[in-house]
Amino acid sequence: MSVPLRHRDLLAPLWRVVVAFRLVSWVLAVAGWFRERDDYPGMVAPLAVLAAMGIWTGVVTVAHSRAAGRRTRMTLLDLGVTVLLLAATVTTQPEGAFGQGAPIVTSIWVAGPALAMALARGRGGGLAGALVVWAAVTFLRGYVGDREVFNLTLLVLVSVLLGYAATITRAAELALREAAAAQAASAERERLGRAVHDGVLQVLAAVRRRGVDPELTRLAAEQEVALRGLLTTGPEVAVGTADLGTALRLLATPDVEVAGPAEPVELPAQTTAELTAAVREALANTAEHAPGARSWVSLEPADDEVVVVVRDDGPGIPDGRLSAAVDEGHHGVRSSICGRLADLGGTADLHTGPGQGTEWELTIPRGTDR
Amino acid sequence: MTTVMVVDDHPMWREAVERDLVARGFEVVATAGDAGSAVRRAQAVRPDVVVMDLQLGETSGVDATRDVVAALPTTRVLVLSASAEQADVLEAVKAGASGYLVKSASADELADAVTRTAAGDAVFSAGLAGLLLGEYRRLQSGPDDGAPRLTERETEVLKLVSRGLSAKAIAERLVLSHRTVENHVQNTLRKLQLHNRVELTRYAIEHGLTDPDSA
């Protein structure tokens, strides 16, 4: 499903609108000339300009129907040719006639490149295209009246809005692609999950339950928990965020129990990664200094902050032991846990004492965008 | 002797759990591999405790839990689940399961949990406390005015359970009796299950699934 998606341009309908505008505005220009043909001193010059406009309309119609013709380069070329054709209209009227309000044969057709630039470059492109077209028309006229201001406002508004729509559509296309990839990954994990659940996992569980050899039992238990963790898909969260609950549950082992809400605790992906790394560090610290101790990781979200408590039932850290470690140059605990939390704008508090185990309380503030 | 029924979709696991329980003096009166046969066999043998897996192939252990609890008021359900199925665990507990144990728990922990479940106590792990705290938080921020609330004390106690403290340690820390702590913990679960039953009944009546006169 992701393959056709990659080749589909969600902007294609908007490009068709721009092409339609070009065609319709050319027909309107021809009709406009026919209606006001008495206001032109000659027939040849305006018909030549209209014919050139018709040819160029055909060129952009073909160009915009393929991906290569939707690039910025093509729209700039379009803008250049359009301005040249606008300049060519001086041959259609006697000198000074435009200043008296004589009709310009290119009419509304010249707005086309501004719309194309809006699609190719977003709001900025639309605005730039619109201003260039308007400047060229104003230069030709030699004055700015109410009608010109009105036309400029409309042109700028339409171009900027179209550019905005193009930007939003591109973002939506990207999100759609990411979602499709995530869906494919999730389906794959589910497929693997069923196979592992019915096979390896059951054997590991059986080995552990039979308890033939203590070392084998322990290893089987560890691998069983790790495998189950890997199969955790977790609830769906927005693009760019990650569920802290799912991330923390991956840390569970026979000696580490993880508690938290069933609902996702959505945080920016980077924040989740940093916080999980800090918890892992605390657990590693316990495994190193209190082998055999059990640990608990508790995720406690609130409206304005997220608290993660990592506790163990080991012998605890004697007074002064932590600062002594820092003095000796072992910066592990302080830099990895306190530093990470400080970087996230949070705090890390350690409660410990001989015989009391250790309890890290990691707190980070939470934005309002949850 | 406490009678137990083991429900899991995988025979190897089922046999291992059965062997562990028999070795510790329980009588395993039935086993089942899917939700339908679990409910039928439970009604036939009326075990004291059902040890229930939540992933039963194509069928759901949550549904089986709800049906067993509804059909057999004296039978208690202990959920034995992989840590990955948190949302399912919460649903099963709301549907009436008396507690939950992770599948990685040792045979002794399982035996202890079955004994306590048979005695009518909810088996509270840190994980379950975390799930309940999350669920009460969700209910509180929801639109339902009738949703149950935790008292400050109950929140405090549940938080300490979720951090892995034993009832004894909590009692010491909060200067309470051991029994009071246990009561607080059990209450938090009962309130939620009661609310869930009321909700189900209301839903059934609203959707014409049951005759209001007989409800």
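Here is a tour of a predicted model, stop by stop.

Stop 1: UniProt, in an unreviewed entry, lists it among the transmembrane regions of chain A. In the model these residues are 100% helix and 0% strand, with the end C-alpha atoms 33 Å apart. Now switch to residues 98–120, another range on that UniProt list. Here the chain is 39% helix and 0% strand, and its end C-alpha atoms are 32 Å apart.

**Stop 2: helix H6 of chain A.** Select residues 146–198, then show the side chains of A:Arg177 and A:Glu173. Both belong to this helix, four residues apart, which is about one turn. Their side chains form a salt bridge, at 3.5 Å from N to O. Side chains of opposite charge can pair when their charged atoms come close. A:Arg177, at 35%, is partly exposed.

**Stop 3: where the chains meet.** Pick B:Arg163 and A:Glu300. Their closest N and O atoms are 2.9 Å apart, in a salt bridge. This pair crosses between chains: B:Arg163 sits in the loop between helices H7 and H8 of chain B, and A:Glu300 in strand S4 of chain A. Both residues are buried.

You'll find it in strand S7 of chain A, residues 358–365.

**Stop 4: chain B on its own.** Colour it by secondary structure to see nine helices and seven strands. Of its 215 residues, 51% are buried. Next, select B:Arg24 and B:Asp108, which meet in a salt bridge at 2.8 Å, N to O. They are 84 residues apart, with B:Arg24 in the loop between H1 and strand S2 and B:Asp108 in helix H5. B:Arg24 is partly exposed at 34%, while B:Asp108 is exposed at 52%.

Stop 5: B:Met12 comes from helix H1 of chain B, and its relative accessible area of 33% makes it partly exposed.

Note on methods
Residues are numbered from 1 along each chain as its sequence is written. Chains are lettered from A and ligands numbered from 1 in the order in which they are written. This is a predicted model: local features need pLDDT of at least 70, side-chain atom pairs count only at pLDDT 80 or more; totals for chains, interfaces and linings use all residues. Side-chain values use heavy atoms; hydrogens and water are left out. Helices (H or I, at least four residues) and strands (E, at least two) are DSSP runs, numbered from the N terminus. Buried means under 20% relative accessible area, exposed over 50%, partly exposed in between (1.4 Å probe, protein chains only). UniProt positions are given in the numbering used here, feature names are shortened, and annotations may be inferred rather than shown by experiment. A salt bridge is a side-chain nitrogen of Lys or Arg within 4 Å of a carboxyl oxygen of Asp or Glu.
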